[in-house]
Each structure stands twice: as structure tokens, then as C-alpha cells.
Amino acid sequence: MASIRTLHQQLVKKERSAIEITQEALERIQAVEPQLHSFLQVTADHALAQAKQVDDRIAAGEDIGWLTGIPIGIKDNLCTQGIRTTCASRILENFVPPYESTVTAKLAEAGMVMVGKTNMDEFAMGGSTETSAFQLTANPWNTSRVPGGSSGGSAAAVAAGECTVSLGSDTGGSIRQPASFCGIVGMKPTYGLVSRYGLVAFASSLDQIGPFARSVEDAAILLGAIAGYDPKDSTSLKVAVPDYTRFLTPDLKGKKVGVIRETFGEGLDPEVEKVVQQAIAQLKALGAEIREISCPRFRYGIAAYYIIAPSEASANLARYDGVKYGARVANADNLLEMYKRTRAEGFGAEVKRRIMIGTYVLSAGYYDAYYLKAQKVRTLIKQDFEQAFEQVDVLVSPTAPTTAFELGGKTTDPLSMYLVDLMTIPVNLAGLPGLSVPCGFDSQGLPIGLQIIGNVLREDQVLQVAYAYEQATEWHKQDPQLT
Amino acid sequence: MLDRDQVHKVALLARLELTPQEEEQFATQLSNILDYFEQLSELDVAEVPPTARAIDVSNVVRADELIPDLAREKILENAPDRVDDFFKVPKIMHE
């Protein structure tokens, strides 16, 4: 689909109506969904009603904002009042939230048109969207490949033009990695910049909501709309939200860019390495000063994360007990039986695995050896970043060590799937903003992403470097060829 | 290493009923994952303070005021089983 800027101008000049734009998205969805399965639910009636309201406002001579009338896909772990929200889990298959998440409320207020709820790994646990209880999503660049995860549906939908932008959530890379695999822009903001109210909790100290878009400008506009203090989220930061688009300038003169040495080691696909090195050379050509930076504790991120995130998840998912909402198993003899069987039937294998890991490492006698130690390692990783940002403005690395892998390629070995998040996890542990921008393709035509990491609340720097790079290259202008 | 007995105990704590095959599979998989965690012992963390949240916001309070909350009926509509305005659960005590 066209950019937010183009669609906005069409609406303002009355060249197209919001209904026509919505219909374009819905027709595209109808055409490509049989191959992609990006959406768990297409909310066509809801979208057309929202578009009608926008058209009425325009007809009445009202001024409209950038996002008014723009079609968006919403990850299915964001609560939408009156619209089923499943987290791609059997246990929430028929859950209709009685309230609206802060981010979707803000977007509805801005006049955005929600076209559907996107597929994801169950409870956002996974790196390929394959743990969804309902369907597999294909990568628009090659339908035998995964779209990445956990926000794979949101990434595939934007890449394939089923909506202009979408929202995902990122706990260990779940926005940036699928953005990289699908050849689009994806951003995880600073922890606390965007309210988590109404986001179904996975690992509360790591979860953050962020945008997917075809361009850095679209991502910047959407981020501006969802960011900001919210009294309903106790971890929300009381900071002013700037107009992020005013940082989008093409010149990188004087900008200090650090290359994280440890992300170029073992396990990195040589084709990804070559393309990312070319991207770094491009940043230099744009005037940036390139420095090699060492983050020696970076590589311990995965181990720390797979203790911390499952610990938080095991506590957060205790609420699915078949009592207040969600599925309940029939004919249980007593309460304990009902809990155990409801959860056994309601959760998939990966969710069970993480609940088990979390329950084990938090159980009596193991707390110090695992959870407390992981929290201490988290401090060390944070210190590595703090030292790096004394020397540079942003850090760069590959977003993922490989391009999109085959559907079914890693499902039998859980640990191999965990290693996919090597580059992105430390950013969540330190609460920093990170973005993936398209930076090329491998020899099989699969997209590669460059990760740009900023200091706390320096989304401006991340977006500026991404924008300058994007404007100097042609990668973001390429479309996947779906038949 | 985790054996099947331990997996069974953890599953009870987590309120998960696992099949014997799942117990067997999890014993292997969780052992592999716990082995992977061993690399953390390469780091000396004795003097390092823990981080629970990367960006800490503390003492977040609000005025204790009565405000209208969600409609009771809307909430109860999602309940798997109910009696009037109560959530209904299977019996808690054994015979």
C-alpha cells in the first residue's frame, strides 16, 4: 500500500475516500490471505464503519490527522473491546475483551481503521509464528519460509500490502526479527515509552509495543501516536512525546555509530554479514563516524533472557485457570483437576515449556542459582550498553543471524529457535529502543535487516540514522512478488 | 539434569497435567536448556546488584478515588460457568 503521507494527501485532496482506501486493503487481504494467513480475524465490517466515520468528518470539513483513515493491522495480543482477542491460543479462543488497550484506543481516537487482528506465536512465545494454535503464516518473499515471530502476522501483512502499518509487541525481538525477515521497518521503543495497558502480559519487565511500516517515516508517525504517559500502566514514563518526523534528516555528519563486535562472530550467516558490512559502509559514506564497540557480556543475553522471561511468564500465565474467562475443560471432578486439565488442553507445547522453565527456576532452592543470577547478568549487559553510549550515539548490528528459515525448520529443537534472538534480546534486557531497517537481500532473494540501537529515550537518534540510510538506498522500495 | 519425577513435580506446581510422553520430552528438553544456562557461571556476579526492571519507575501511586469500573455483566459474560453474579467452580474438597 501507499505511504501514510500519500494516503493522507489523497484524503485531504478528496481524491480518494477512506472507504476506498479500506476497500483496497480488504481486497488485497482477500487476494493474498489464502497464501499468507497473516490475519486470525479480518474485521471488515468494523473497518468499513470506521472508514465511513472518517469520510463523514472529511465531508463536514473537519481537519484530519496523519493517521485518520489509514488501515492498520493489530497483533492479536492487544485487547480490543468487543472484538475477539486470542493471543493465538486455544485458552483464549473465545475471549472477547470487555475493555480496550490504551494503544488501540489512541489509534481509534486518531481515526485509524483497524482491518484485522494478526497471527502470532502463542502468547508471543516463539520466533517464527509457528506456535500459533490456529494457523501458519507464510513469508511474503517466499511462502515456504517463516515470517519470523512472534509478531509474524503483523510483519507479513505490512510487507504484502494488506494494511499500511501494523502494531506488534517485542519481548526479545518479536518486532525487529520479523521486520528483518519480511523486509520492512519494525521498531521496539524504550521500555515505558508506550503504555502496555491492554497488552496481554508475557514478560512484563521486557514487553513493549511498537510499529511495523514500509518506511521509517511511517514508523515515526505511528510511534508518535502510540507513545506517551498512561496512568493505567505503572511502568509508563512521564516524558513529553516529540514529533518524531522532525528528526528525519538525510545527513549523518558527526553522528557516531558503534558496531557491536560480538554480533559478528560465530553463527552469523556469511551472506548476512556481507550485506550488513555494506550497510555500515553506507552509513560511513553518509558522514557517520564508525567505531568498533565491544559489549563483552552481550552473548550471555540469551541465557539470562530464557531465565527471566519464562519466570515472568509462569507468573503472568497463572491467571488462565478456567475460572474468570477463557476455556475450561468439561467434566472435571474437582478444582485442582479442572486447573490442570484446562491448562494442559488450553496451552500449546512452547507455552507449556516456558511455564515449566519459569516454574522450575523460581522454585525453592533454585532461585539464587538461576533467577537472581540472571538478574545480575542483566545488570552487566546494561552496563555494557551504558559504556558503549558514552562513546557513540547509536549502535548497529545485524537484526538476526540468518534470513527467514524454512517453515518447520526449527520446530523440533526449542533451543535452536531460542538462539535466533541472539542480537535482539540484550536490547530488551536493557530497555533500549531498537529498530530494524531493510538493508539488502541474500542470494535467495530473502530480506536482511540492519538493527539500530539507541540510548534510553533516544528514539530520535535511531529514527534519524535509519531514515538517512533508507533514503540513500533502494531496498525499502522493493515489493515481494506474490502471485 | 532433570528426570521425569522432577518434571512431574514442577508440572504440579504449574498446574499442568502432562502425558507420560510430554514428561519424557520435557525432561530431555528442559535439561538441555538448563545446561545452556550453565554458561552464566563463567561470570563473577558476587558483587553485582540485580536488575529487575531496566528502567525503574518507583512509588507509582494514584489518589484513592472511586471511579466507575467495567460493567459486571460484561466481565461475567466471559466466565466459563457462573451462578447469578458469581463465578462457579468445581468442588474444592475431595469426598
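**View 1. The neighbours of A:Asn139 in a predicted model.** Leaving aside residues up to four places away in sequence, A:Asn139 touches A:Leu36, A:Arg145, A:Val146, A:Pro147, A:Phe181, A:Cys182 and A:Ala404 (contact means heavy atoms within 4.5 Å). A:Asn139 counts as buried because its relative accessibility is 0% (buried means under 20% relative accessible area, with a 1.4 Å probe and protein chains only). You'll find A:Asn139 in the loop between strand E3 (113–118) and helix H5 (152–159) of chain A (helices are DSSP runs of type H or I with at least four residues, strands are E runs with at least two, numbered from the N terminus).

**View 2. Strand E7 and its partners in chain A.** Four of the five residues of E7 (256–260) are buried, so the rest of the structure largely encloses this strand. E7(A) pairs with strand E8 (289–293) in the parallel sense over five bridges (pairing takes at least two DSSP bridges). Here A:Val259 stands opposite A:Glu292. Strand E9 (394–398) also runs parallel to E7(A), joined by three bridges, and A:Gly258 sits opposite A:Leu395 there.

**How to read these views.** Residues are numbered from 1 along each chain as its sequence is written, while chains are lettered from A and ligands numbered from 1 in the order in which they are written. In this predicted model, local features need pLDDT of at least 70, side-chain atom pairs count only at pLDDT 80 or more, and totals for chains, interfaces and linings use all residues; side-chain values use heavy atoms, with hydrogens and water left out.

Conventions:
Buried means under 20% relative accessible area, exposed over 50%, partly exposed in between (1.4 Å probe, protein chains only).
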